[in-house]
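Please keep the sequence and the structure in view while reading.

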Amino acid sequence: MFLGTHTPRLDDKGRLILPAKFRDELAEGLVITKGQERCLYVFPMAEFRRLAEQLQQAPVTHKAARAYSRVFFASAFDQVPDKQGRITIPPALRDYAGLRRELAVIGASSRVEVWDSEAWQGYLAESEESFADIEEGVLPGF
């Protein structure tokens with residue numbers, strides 16, 4: 001499980017050093033792709049395969065599932081971190097997420113999210129009020 005917020009920097013070659021707490025779970029391979037709210041999702045390979053299987057179960061006639069699958073898979077890149085725990089974020093994904101030098105890398109349970117630091121701070125500022133106001137029953141099982 002991925003937890004916490006980390007603030008690494010993107011180097012001049014577009015590489016990110018993964019937080020030490022995340023490296024073991026991602027060491028065998030990962031997939032990085034577009035996420036919602038203009039962040040990037042980083043999945044351990046096993047979790048990505050599980051999600052891919054779920055998406056494949058959706059009928060090909062379901063328009064929203066087709067659209068989501070196209071973007072999700074077309075923007076996905078598989079990698080194995082190097083010995084220093086670095087991954088390269090492809091230019092198209094850096095552009096999509098507006099990544100500059102300062103990043104916020106957050107644990108989001110079964111995935112890691114990569115945000116531009118300013119975008120993450122803006123998202124938090126916008127979300128704090130609604131987070132504090134969530135009532136019982138809004139989230140299933142809570």
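In which strand does Leu40 lie? Leu40 belongs to strand E4, which covers residues 40–44. The model discussed here is a predicted one.

**Leu40 and its surroundings**

Leu40 has a relative accessible area of 0%, and because buried means under 20%, Leu40 counts as buried. Residues up to four places away in sequence being set aside, Leu40 touches Ile32, Thr33, Lys34, Gly35, Ile89, Leu93, Tyr96, Ala97, Leu99, Val112, Glu113 and Val114. The C-alpha atoms of Leu40 and Pro19 are 15 Å apart in space, while 21 residues separate the two in sequence.

**The packing of helices H2 and H3**

Two packed helices are described by the angle between their axes together with the distance between those axes. In this model, helix H2 spans residues 45–57 and helix H3 spans residues 63–74. They pack at an angle of about 155°, and their axes are 11 Å apart. Because angles over 145 degrees count as roughly antiparallel, H2 and H3 are roughly antiparallel to each other. The crossing of the two helices H2 and H3 is left-handed.

Which residues of H2 meet residues of H3? From H2 come Phe48, Leu51, Ala52 and Leu55, and from H3 come Tyr68, Ser69, Phe72 and Phe73. Of the residues in this contact between H2 and H3, 7 are nonpolar, 1 is polar and none is charged.

Two residues of helix H3 may be considered individually. Ser69, found in helix H3, is buried, with a relative accessible area of 16%. Not counting residues up to four places away in sequence, Ser69 touches Leu55 and Ala74. Ala65 also lies in helix H3, and Ala65 is buried at a relative accessible area of 15%. Ala65 and Leu55 are 10 residues apart along the chain, and their C-alpha atoms are separated by 7.3 Å.

**Gln79 in strand E5**

Is Gln79 buried or exposed? With a relative accessibility of 17%, Gln79 counts as buried, since the term applies under 20%. Gln79 is placed in strand E5, which consists of residues 77–79. The side chain of Gln79 reaches the backbone oxygen of Thr88 at 2.4 Å. Apart from neighbours within four places in sequence, Gln79 is in contact with Gly29, Leu30, Ile32, Ile87, Thr88 and Pro90.

The relative accessible areas of the residues discussed so far are set side by side below.

| Residue | Relative accessible area | Class |
|---|---|---|
| Leu40 | 0% | buried |
| Ala65 | 15% | buried |
| Ser69 | 16% | buried |
| Gln79 | 17% | buried |

**Two loop residues with positive phi**

The backbone angle phi is the next topic. Most residues other than glycine have a negative phi. Glu37 is not a glycine, yet Glu37 has a positive phi of about 55°. Glu37 lies in the loop between strand E3 (30–34) and E4.

Where is the place of Ser109? Ser109 is in the loop between strand E7 (103–108) and strand E8 (111–116). Although Ser109 is not a glycine, Ser109 has a positive phi of about 70°.

Conventions:
Residues are numbered from 1 along each chain as its sequence is written. This is a predicted model: local features need pLDDT of at least 70, side-chain atom pairs count only at pLDDT 80 or more; totals for chains, interfaces and linings use all residues. Side-chain values use heavy atoms; hydrogens and water are left out. Helices (H or I, at least four residues) and strands (E, at least two) are DSSP runs, numbered from the N terminus. Buried means under 20% relative accessible area, exposed over 50%, partly exposed in between (1.4 Å probe, protein chains only). A polar contact is a pair of N or O atoms within 3.5 Å; within protein, one must be able to donate a hydrogen and the other to accept it, and residues adjacent in sequence count only if both atoms are side-chain atoms. Contact means heavy atoms within 4.5 Å. Axes are lines fitted to C-alpha atoms, for helices over the stretch in contact, and angles run from 0 to 180 degrees between N-to-C directions. Angles under 35 degrees count as roughly parallel, over 145 as roughly antiparallel, 65 to 115 as roughly perpendicular and the rest as oblique. A crossing is left-handed if the near helix is turned anticlockwise from the far one by less than a right angle, and right-handed if clockwise. Ala, Val, Leu, Ile, Met, Phe, Trp, Tyr, Cys and Pro count as nonpolar, Asp, Glu, Lys and Arg as charged, and the others, Gly among them, as polar.
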